[in-house]
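Here is a short report on some charged side chains and their partners. Have the viewer open as you read along.

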Amino acid sequence: MFSALGIYLESFEKPFLECTSEFYAGEGVKYMQQSDVPDYLKHVEIRLHEEHERCFLYLDTSTRKPLVATAERQLLERHISAIIDKGFMILMDGNRIEDLQRMCLLFLRVNSLEALRQALSSYIRKTGQGIVMDEEKDKDMVSCLLEFKASLDTIWEESFSKNEAFCNTIKDSFEHLVNLRQNRPAELIAKFLDEKLRAGNKGTSEEELEGMLDKVLVLFRFIQGKDVFEAFYKKDLAKRLLLGKSASIDAEKSMISKLKTECGSQFTNKLEGMFKDIELSKEINESFKQSSQARTKLPSGIEMSVHVLTTGYWPTYPPMDVRLPHELNVYQDIFREFYLSKYSGRRLMWQNSLGHCVLKAEFPKGKKELSVSLFQTVVLMLFNDAQKLSFQDVKDSTGIEDKELRRTLQSLACGKVRVLQKLPKGREVEDDDLFVLNNEFTAPLFRIKVNAIQMKETVEENTATTERVFQDRQYQVDAAIVRIMKTRKVLSHTLLITELFQQLKFPIKPSDLKKRIESLIDREYLERDKNNPQIYNYLA
């Protein structure tokens, strides 16, 4: 009737919308103070539905849009910041999928998704910082990050309807937090993979392992210093392959295939080369056993398997001298003769620190087989000819470096499996200690693994690996500078730095780049322009 008379808009709708605005303004403030955020959002949802129904039943259809907009403005738009501050973090921490979905849909109605996206970014960075920066929890960092990422992915799919902007926010925020501590997360991700790919992961099926590798690969994508990851991964892979500790060679190859897809063949070239060496070594060993040298010259009672490693593929191992027992020396010489007759022009260098042996031992309480390192073997075999030896006697007879010998004796006389007895007793090996064979030694198993202390990761080892990465980076920076300058011939300092940041695939400070430029100037690859020191000329 009002519409027919032409007075609906002025006489009814306008005052009706004003009253509605006033009513919801008061209710919004009151409910925000009294309710928690999930209840408030449910109340808003109900109110908007009621207004929609009211239009449908009683009012003109033209009123629906301004009426619902009025309710949205007073109940939602005015309180966006308060809703986020009061409840967003609680909903995220509690993984409240349904409530977050409701929040997202309501914010979408008032064009406030940007505020929600920023809140998500802040939440990820703040929570992630607690995971990454806590050095005491380094051991669990990767598994915590994987859990965090999985929960965010679920929320993104189910609550945020796979919104692309939110997906990018999660990626950007994760990249930020994974690189908060330079290099350490890359190292820990490599260690986590080593743990999963090692033999002894009982209860993990091939499918579960494959799924885990895919999840870790997502974290790997966020790492800026991928060369640090590569160095630690290569070192751990070498140990798994040489000690036969891989849970599954298929899983190992699958991981390398994934890394190759991710970073290109140059990244995995050395890793693939390590596998080729292991497979080729099997063939060489078979060929050696069939050879005339092996059949006629080898000492009886000893079996030996040799891994022939290509220097460029494997981590760098410091050479460690040791005086081997006569039988092992003979074996090495015969193998060297066989190998060099087959592959002329090559040079063999024995890596004693990587060798491991199985010794047959006869104790008064029974026969045992001892799985030990080469250094442990050399020390134990001295007791075939002597009852008691001092630390100095062992040192003179074996020629093992002091620190390494102390660790070896410690593992044999002070560890869980005490094949030797140390006099006097104690945890540390001193210069005047004496060692005797432990005649009381007994164990339930026939074959016993004597854990070699040198196989455990040391701080020095980690530092050395990191330093090697930095050394490699210097060469890459030098090569990039020369490459750019060779193309451009003349370039200003600012433009050169900008191009280097674009080309280099790892984080680096401008001050470090400046040092490399100075080094190249000293080596006469570049020179400063005589008129303007900020410009460099390439010297052919």
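## Lys253 and its partner

Lys253 has a relative accessible area of 37%, so Lys253 is partly exposed; here buried means under 20% relative accessible area, exposed over 50%, and partly exposed in between, with a 1.4 Å probe and protein chains only. The side chain of Lys253 meets that of Glu279 in a salt bridge, with 2.9 Å from N to O. The term salt bridge stands for a side-chain nitrogen of Lys or Arg within 4 Å of a carboxyl oxygen of Asp or Glu.

This pair joins distant parts of the chain, 26 residues apart: Lys253 sits in helix α13, and Glu279 in helix α14 (residues 265–290). Helices are DSSP runs of H or I with at least four residues, numbered from the N terminus. Glu279 is partly exposed too, because its relative accessibility is 36%.

## About the model

Please keep in mind that this is a predicted model, in which local features need pLDDT of at least 70 and side-chain atom pairs count only at pLDDT 80 or more, while totals for chains, interfaces and linings use all residues. Residues are numbered from 1 along each chain as its sequence is written, and side-chain values use heavy atoms, leaving out hydrogens and water.

## From helix α13 to helix α11

Which residue forms a salt bridge with Lys258? The partner is Glu210, and the closest N and O atoms are 2.8 Å apart. Lys258 belongs to helix α13 (residues 249–263) and Glu210 to helix α11 (residues 206–222), so this pair ties together parts that are 48 residues apart in sequence.

Is Lys258 buried or exposed? Lys258 counts as buried because its relative accessibility is 14%. Glu210, at 27% relative accessibility, counts as partly exposed.

## A network around Asp99

In total, the structure holds 22 salt bridges. Some residues are linked in a network of salt bridges, namely Arg96, Glu98, Asp99 and Arg102.

Asp99 counts as buried because its relative accessibility is 9%, whereas Arg96 is partly exposed at a relative accessible area of 34%.

## Lys196 in helix α10

Lys196 is found in helix α10, which covers residues 184–197. With a relative accessibility of 24%, Lys196 counts as partly exposed. Lys196 and Leu213 are 17 residues apart along the chain, and their C-alpha atoms are separated by 8.7 Å.

How values were computed
Helix = DSSP H or I, 4+ residues; strand = E, 2+ residues; numbered from the N terminus.
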